[in-house]
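Please keep the sequence and the structure in view while reading.

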Amino acid sequence: MREKFNHMYLDSHERKLLVHSLVELKNQLIQQGRYTDCIDELIFKVINAPTKRMKIEYV
């Protein structure tokens with residue numbers, strides 16, 4: 001069975017907000033003494049995700 005992928009389309013402001021939120025979550029987990037491996041992977045994926053130009057049509 002193939003792995004299911006979810007795609008997110010974010011503009012630059014939303015992407016910046018997402019990375020900032022993930023870093024804050026990582027800091028909270030560090031203060032609690034918990035593992036941050038999964039958050040590290042998410043931050044890495046968001047930062048290195050390819051950008052795609054899209055046309056937006058307003059109706």
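Which exposed residues does the face of helix 2 turned away from its buried side carry? They are D37, E41, F44 and K45, where exposed means over 50% relative accessible area and buried under 20%, with a 1.4 Å probe and protein chains only. Helices here are DSSP runs of H or I of at least four residues, numbered from the N terminus, while strands are runs of E of at least two.

The buried residues of helix 2 are I39, I43 and V46. Viewed down the helix axis, they fall within an arc of 65° (taken from the directions from the axis to the C-beta atoms), so they line one face of helix 2. These buried residues pack against helix 1, contact being heavy atoms within 4.5 Å. Leaving aside residues up to four places away in sequence, I43 touches L22, V23 and K26.

The largest nonpolar core consists of five residues: L22, L29, I39, I43 and V46. Such a core is a set of buried Ala, Val, Leu, Ile, Met, Phe, Trp, Tyr and Cys residues joined through side-chain atoms within 4.5 Å. Helix 1 (12–32) and helix 2 (37–47) each give two or more residues to this core, and helix 2 supplies the largest share, three residues.

In the chain there are two helices and zero strands. Of its 59 residues, 10% count as buried.

Residues are numbered from 1 along each chain as its sequence is written, and side-chain values use heavy atoms, without hydrogens and water. Because the model is predicted, local features need pLDDT of at least 70 and side-chain atom pairs count only at pLDDT 80 or more, whereas totals for chains, interfaces and linings use all residues.
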